[in-house]
Amino acid sequence: MIETETILICAGLGLFLMMVPVIYRIIKGPTAIDRIVAVNVIGTKTAVLLIIIGALFDNVSMFVDCLLYTSDAADERSSVDLGGRRII
């Protein structure tokens, strides 16, 4: 039977390999909208990779890092809102 560790490693590598064509789209374009969407895709895949790495190493703080990463990306200011508290 396949171990959970092997599945997580394969999922992480597969996700990383899917980023390669997106990097090409960031460089070549052809339009600014294509580049913006490609950068957004990289950000989303980065958040998923943080979750996979956290599950792989049984590290709960990686999930917190992922939440901070995604909430910071959605926040228009230089601080993050966590349930009424602001982290600067």
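Modeller: Helices (H or I, at least four residues) and strands (E, at least two) are DSSP runs, and they are numbered from the N terminus. The model is a predicted one, in which local features need pLDDT of at least 70 and side-chain atom pairs count only at pLDDT 80 or more, while totals for chains, interfaces and linings use all residues. Residues are numbered from 1 along each chain as its sequence is written, and side-chain values use heavy atoms, with hydrogens and water left out.

Colleague: Which elements does the chain have, and in what order do they run from the N terminus on?
Modeller: The chain has three helices and two strands, and their order from the N terminus on is α-α-α-β-β.

Colleague: How should I read the way H1 and H2 pack?
Modeller: Two packed helices are described by the angle between their axes and the distance between the axes. Axes are lines fitted to C-alpha atoms, for helices over the stretch in contact, and angles run from 0 to 180 degrees between N-to-C directions. Here H1 and H2 pack at about 165°, and their axes are 9 Å apart. Angles under 35 degrees count as roughly parallel, over 145 as roughly antiparallel, 65 to 115 as roughly perpendicular and the rest as oblique, and H1 and H2 are therefore roughly antiparallel to each other.

Colleague: Which residues make up the largest nonpolar core?
Modeller: A nonpolar core is a set of buried Ala, Val, Leu, Ile, Met, Phe, Trp, Tyr and Cys residues joined through side-chain atoms within 4.5 Å, where buried means under 20% relative accessible area, exposed over 50% and partly exposed in between (1.4 Å probe, protein chains only). In this model the largest such core has eight residues, namely Leu8, Leu15, Met19, Val22, Ala38, Ile42, Leu49 and Ile52. Helix H1 (4–28) and helix H2 (32–56) each supply at least two residues of this core.

Colleague: What does Ala38 touch, leaving aside its neighbours within four places in sequence?
Modeller: Contact means heavy atoms within 4.5 Å, and on that basis Ala38, with those neighbours left aside, is in contact with Val22, Arg25 and Ile26. Ala38 lies in helix H2, and it counts as buried because its relative accessibility is 4%. The C-alpha atoms of Ala38 and Ile26 are separated by 5.8 Å, although these residues are twelve apart along the chain.

Colleague: And where is Ile42 found?
Modeller: Ile42 is found in helix H2 as well, and, leaving aside its neighbours within four places in sequence, Ile42 is in contact with Met19, Val22, Ile23 and Ile26. Leu49, not counting residues up to four places away in sequence, touches Gly12, Leu15 and Met19.

Colleague: What should I look for in the backbone of the loops?
Modeller: Most residues other than glycine have a negative phi, and most peptide bonds are trans. In this model a cis peptide bond, with omega of about 5°, joins Gly29 and Pro30, and Pro30 is in the loop between H1 and H2. Asp58 has a positive phi, near 50°, and lies in the loop between H2 and helix H3 (61–74).

Colleague: Is Asp58 buried or exposed?
Modeller: Asp58 counts as exposed, because its relative accessibility is 71%.
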